[in-house]
Amino acid sequence: MRKITFIILFCFILGSSFGQKYYSADIIKKADSIMIATVGQKIFNDHYKFDSASYFEAKTSSNNALIKLLTKVKRTRGEIKLINVRYTFYIKKFEQPFVWTGLIFDKDLNLNKPVDTSFIPKFILRGTPNDLLTKEDVLKIAKEKFVKKGIKPIETSLMYDHYKKVYVWTVTNVIHEWKGYNDEISRDVELLEINAMTGNIINFYPNALQGPIH
């Protein structure tokens, strides 16, 4: 009798340790509600998109690591280590630039760290018009800075710099390009980085090299 009781108790403990289950839809719903409470319903609707790469990490009863996409399972299984609900933030939805962000939950569905909103421009938080520099604005700045004749139209891209916590326009003037090993393209360029909010020049590289170096 004592042996049977021990087996039942052991199975109960084992089931409690490795039978941790949350419905994926409930996890996503909770994450959405936290984001909405933080940034507001309008900003969430207009600028956020759920990322299907959201996942959970767990350990199975055989002590194997388990990583599964939340969108691929109805509910979690195993001993939860963490759950990462990911989102893509857009200044204008579905257009560049975008920022990957997310919420990290522990095994009890508590947040591991506060919601990061540092990448949301103030004009979005205030509900005012977009005041970031346009492509035309930065081209004017670049043309005053560049001194070499390019071989193709000047290239521009707008991205968020997580280290500087600022949106940055990168402007590239291609001076020369050539094919190297395996037809890989290398280029001599003038490269300019501009603060997209203030128009201040962050970096200027008059003799930059882009491409593989062998």
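Helices here are DSSP runs of H or I with at least four residues, strands are runs of E with at least two, and both are numbered from the N terminus.

A note on the source: this is a predicted model, so local features need pLDDT of at least 70 and side-chain atom pairs count only at pLDDT 80 or more, while totals for chains, interfaces and linings use all residues. Residues are numbered from 1 along each chain as its sequence is written, and side-chain values use heavy atoms, leaving out hydrogens and water.

**Back to α5**

Which residues of α5 are buried? I found V138, L139 and A142 in this helix, which covers residues 135–145. Seen down the axis, these buried residues fall within an arc of 105°, so they line one face of α5. The arc is taken from the directions running from the helix axis to the C-beta atoms. I then looked for what covers them, and the list includes β6, β7 and β8 (185–195); contact here means heavy atoms within 4.5 Å.

Strand β6 (residues 155–161) pairs with strand β7 (residues 166–179) in the antiparallel sense, over seven bridges; strands pair if DSSP finds at least two bridges between them. D161 has V166 in β7 as its bridge partner. Four residues lie between the two strands of this hairpin, and K165 in the turn has a positive phi of about 55°.

D161 turned up again in my charge search: its side chain meets that of K164 in a salt bridge (3.4 Å, N to O). D161 is buried at 18% relative accessible area, whereas K164 is partly exposed at 44%.

**Other salt bridges**

Side chains of opposite charge can pair when their charged atoms come close. My rule asks for a side-chain nitrogen of Lys or Arg within 4 Å of a carboxyl oxygen of Asp or Glu, and the count comes to eight salt bridges. One of them joins E79 and K59 at 3.6 Å, N to O. E79 lies in strand β4 and K59 in strand β2 (residues 55–59), so this pair ties together parts that are 20 residues apart in sequence. I also noted K107 with D108, whose closest N and O atoms are 3.3 Å apart.

**Aromatic rings**

How many aromatic pairs does a search of the whole structure find? I got 12. Rings of Phe, Tyr and Trp (its six-membered ring) pair if their centres lie within 6.5 Å; planes under 30 degrees apart count as stacked, over 60 as edge-to-face and the rest as tilted.

F50 and Y87 are an edge-to-face pair, 6.3 Å centre to centre with 80° between the planes. F50 sits in strand β1 (residues 48–50) and Y87 in strand β4 (residues 79–90), so the pair ties together parts that are 37 residues apart in sequence. F50 is partly exposed at 23%, but Y87 is buried at 1%.

Y90 and F98 make a tilted pair, 6.1 Å centre to centre and 55° between the planes.

Technical notes
Buried < 20%, exposed > 50% of the residue type's maximum accessible area, 1.4 Å probe, protein only.
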